[in-house]
Amino acid sequence: MTSHGIAQGSSSTNLDPWYHHYADRAAGLSASEVRALFAVASRPEVVSLAGGMPYVSALPSDLIRSAFDRVMIESGPQALQYGSGQGTPALREQILEMMALEGIHGSVDDVVVTTGSQQGLDLVTKLFINPGDVVLAEAPSYVGAIGVFRSYQAEISHIAMDEHGLIPEALRERIASLTAAGKTIKFLYTIPNFHNPAGVTLSWERRLEILEICRSHQILVLEDNPYGLLYFDAPPPQAMRSVDEEGVVYLGSFSKTLAPGFRIGWALAPHAIREKLILANESAILSPSSFSQFVVSEYLRTADWKGQIDTFRGVYRDRRDAMLEGLNEHLPHLNWTVPNGGFYVWLDLPAPLDSKSMLPRAVKELVAYTPGTAFFANGNGRQQMRLSFCYPTPDTIRLGIRRLAAVINGEIELLNTFSQTGQVDVSRRSERVTNPPPDMN
Ligand SMILES: Cc1ncc(COP(=O)(O)O)c(C=O)c1O
């Protein structure tokens, strides 16, 4: 390449003069489809069913403000100072209390506070993944995790799910085929509760079976659980970490149960891994924000945080109901998942509709969603989309679903009118839940 000029050769159209200088791992960093969407979908006239923003307006802002004030009055100099790489002892104690609600009993020594659970994902991946190592993940999986795994040059192998979550038999078969191919599998990444994006919850029996499979192959389980306390009816089964202290790294977050702006999450890890996580945390960021930790801790100490989570449950339940009513009314011929908590519904489109190529038309009709392809590392997902019900009001959700249905039904009509190959098949609506497309990875 010419120095400080336009790169030559195969990338001669690339205007980045540093194009050939980046480390190989930078090739895994590309703007996610969700991110690219935010710019368009944030126009006020567009109903966005795309993002996963919690409805923070339901928080008691006066209580948060008084937590801020008390932190500044009582502990200002410490809150404004660097802290420990592991996080403040007071907050780690409170995190234990929170995790106990999901059946987890650990030691305060084994909790590491992170800058959101996204950083927990990054730290664990940094500790375990060499280029070419395999990460097993559900099909589909959280877009932000796929981004992290890619950035460390992991090979991502998607495992099929159904309405009860990850399918243990599919996991067993995949481990066998990858092992036979000489691959090194480092961990299974799973979101057992109110999955992002699939909306489903892993059954208790499967949790136990999956833990047993992973234990017998020495595969670490990375359990990511930001939504577990946001259930609508009954709580989900207890966390996988509640029955396996040695084989699970558990990630938690205050982003959905409190507010993502604090950027506070945590990892609970087996002792030896915990030690490395602290070192990796210090090397990455020195310490998580002291100020955020103090404020979150003060809020937990003084506010009725369990009552607040109940309020969130009610808000999101109403929004989920509005979305399901809209789907039942306007798209009764399609399949979707029925989440019992969390933020997301996963919708199947009939072939040959394509959620990615349909998106510009949807945005033109003033509704946005996230195409299923964002949640696969292998290009799958064209016949799925994620619909988020967390942020818009119930009425706005109903409007959004009406608009979306007009786009989808318009596409089906168009294809039926002009197709040489017969009618779009919308007749086989199955009982309820989708199987993500089989993934041959
Ligand atoms: C499954 C999952 N994991 C992790 C995260 C990241 O959350 P945090 O804000 O704690 O970094 C999200 C955010 O949407 C998520 O859905």
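1. The shell around the ligand draws its largest share, three residues, from helix α4 (residues 116-128). Helices here are DSSP runs of H or I with at least four residues, strands are runs of E with at least two, and both are numbered from the N terminus. In total, 14 residues surround the ligand, and the closest are G116, S117, Q118, S253 and S255. A residue is near a molecule or strand if its C-beta atom, placed from the backbone, lies within 6 Å of it.

2. The model is predicted: local features need pLDDT of at least 70, side-chain atom pairs count only at pLDDT 80 or more, and totals for chains, interfaces and linings use all residues. Residue numbers start from 1 along each chain as its sequence is written.

3. On the overall form, the protein chain has twelve helices and 14 strands. A compact globule of 441 residues would have a radius of gyration near 22 Å, and the protein chain agrees because its value is 22 Å. This radius is taken over C-alpha atoms, and the globule rule is 2.2 Å times the number of residues to the power 0.38. Along the principal axes, the C-alpha atoms fill a box of roughly 70 × 50 × 50 Å. Of the 441 residues, 47% count as buried. Buried means that 20 or more other C-beta atoms lie within 10 Å of the residue's own, exposed that 12 or fewer do, and partly exposed covers the range in between, with C-beta atoms placed from the backbone. Among contacts with a separation of 6 or more, 75% are between residues 24 or more positions apart. A contact requires C-beta atoms, placed from the backbone, within 7 Å.

4. Eight strands form an open sheet with mixed pairing, in the order β2-β9-β8-β7-β6-β3-β4-β5. Its edge strands, β2 (111-114) and β5 (165-166), each pair on one side only. Two strands pair if DSSP finds at least two bridges between them.

5. Strand β7 (residues 220-224) has five of its five residues buried. L220, L222 and D224 point one way, V221 and E223 the other way, and all are buried. In a regular strand the side chains alternate between the two faces of the sheet.

6. Strand β6 (residues 185-190) pairs with β7 in the parallel sense over four bridges. Helix α7 (residues 204-216) carries the chain from β6 to β7 in a right-handed β-α-β crossover. Right-handed means that, with the strands pointing away from the viewer, the path from the first strand over the helix to the second runs clockwise. Within this pair, Y189 has L222 of β7 as its bridge partner, and L188 has V221. Strand β6 is also mostly covered, with six of its six residues buried. Strand β3 (residues 134-139) and β6 are likewise parallel, with four bridges, and there A137 stands opposite Y189.

7. Strand β8 (residues 248-253) runs parallel to β7 and is joined to it by four bridges; L251 of β8 is the bridge partner of D224. Between β8 and strand β9 (residues 265-268) the direction is antiparallel, again with four bridges. G252 stands opposite W266 in β9.

8. Is T184 buried or exposed? T184 counts as exposed because it has 12 C-beta neighbours inside 10 Å. Its place is in the loop between α6 (168-180) and β6. Apart from neighbours within four places in sequence, T184 is in contact with D133 and V134. T184 and I129 are 55 residues apart in sequence, with their C-alpha atoms 9.7 Å apart in space.

9. A further open sheet has four strands in the order β10-β11-β14-β13, with antiparallel pairing. The edges are β10 (335-336) and β13 (370-371); each has a single partner strand, so one side of each is left without a neighbour in the sheet. Two bridges join β10 to the antiparallel strand β11 (residues 344-348), where L347 stands opposite W336.

Technical notes. Contact = placed C-beta atoms within 7 Å.
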